[in-house]
Amino acid sequence: MIEYNEMIIDNTCMQLVKNPWQFDVMLMPNLYGAVVSNAVAGVCGGPGLTCGANVGERYTMFEQGTRHSGRDIAGQNKANPTALILSSIMMLKHMGLPRFAVEIERALEKTYIDGRVKTCDIGGTATTTQFTEEVIRNIENAH
C-alpha cells in the first residue's frame with residue numbers, strides 16, 4: 001500500500017534526521033530534492049554514498065544523489081565511488097538487466113562487509129581506484 005503525505009521542507013529534513021525509516025520513496029521538485037538529498041547524505045555518511053535518479057515521462061537519469069561537486073578533492077583520487085556504483089545498479093535494473101545489477105550490488109556489499117578497502121570519507125585510506133578495483137575483484141571472484 002502506498003501512503004501519501006505532504007510535509008514542508010524544513011520538517012522533512014528534521015524528520016530525515018530523527019526518523020529516516022518512515023520514508024521509502026520521496027517525490028518533490030528539483031530545488032527541494034537538492035535540499036533533501038544533502039540532508040540524506042549527512043545522515044548516511046556523506047555525498048559519496050547516496051545515489052539518485054531523476055525520473056521523467058520520457059527520460060530517466062541516474063546520478064550521485066547530492067549536488068556536492070567535490071571541488072576540494074578534485075584530481076586527488078579520493079572520491080568514494082559508491083554513489084556512482086549504486087546509481088549504475090539502479091540504471092541496470094531500470095534497463096531490465098537485473099542479473100548484472102545484482103552481481104555488482106553483491107560485489108559492492110562484499111567490499112563493505114570485508115571492510116579492508118575503504119575510502120577516506122568512511123574511515124579508510126584507499127583511493128577511488130583501489131576501492132573500484134576491489135569491487136571489480138569481488139565481481140570476478142564470484143564467478
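Colleague: What is the relative accessible area of C44?
Modeller: Buried means under 20% relative accessible area, exposed over 50% and partly exposed in between (1.4 Å probe, protein chains only). C44 is therefore partly exposed. Its value is 37%.

Colleague: What kind of model is this?
Modeller: Residues are numbered from 1 along each chain as its sequence is written, and side-chain values use heavy atoms, with hydrogens and water left out. Local features need pLDDT of at least 70, side-chain atom pairs count only at pLDDT 80 or more, and totals for chains, interfaces and linings use all residues: this is a predicted model.

Colleague: How many disulfides does the structure hold?
Modeller: A disulfide is a pair of cysteine sulfur atoms within 2.5 Å. C13, buried at 16% relative accessibility, has its closest cysteine sulfur in C44, 14 Å away and too far for a bond. C44 is in no disulfide either, as the nearest cysteine sulfur, in C51, is 9.0 Å away. The number of disulfides is zero.

Colleague: In what order do the elements of the protein chain run?
Modeller: Helices (H or I, at least four residues) and strands (E, at least two) are DSSP runs, numbered from the N terminus. The protein chain has five helices and two strands. From the N terminus on, the order is α-α-β-β-α-α-α.

Colleague: How are α4 and α5 oriented to each other?
Modeller: α4 covers residues 98–114 and α5 residues 128–141. Their axes, fitted to C-alpha atoms over the stretch in contact, lie 8 Å apart at about 120°, on a scale of 0 to 180 degrees between N-to-C directions. Under 35 degrees is roughly parallel, over 145 roughly antiparallel, 65 to 115 roughly perpendicular and the rest oblique. The two helices are therefore oblique.

Colleague: Which residues of α5 meet α4?
Modeller: Contact means heavy atoms within 4.5 Å. On the α4 side are E103, I104, A107, L108, K110, T111 and Y112. On the α5 side are F131, E134, V135, N138 and I139.

Colleague: Where does Q15 lie, and which residues does Q15 contact beyond its neighbours within four places in sequence?
Modeller: Q15 sits in helix α1, residues 9–18. Q15 is buried, at 17% relative accessible area. Its contacts, leaving aside those neighbours, are M7, P20, Q22 and F23.

Colleague: What share of the protein chain counts as buried?
Modeller: The C-alpha trace spans about 45 × 35 × 25 Å along its principal axes. Among contacts between residues at least 6 apart in sequence, 50% join residues at least 24 apart. Of the 143 residues, the buried share is 27%.
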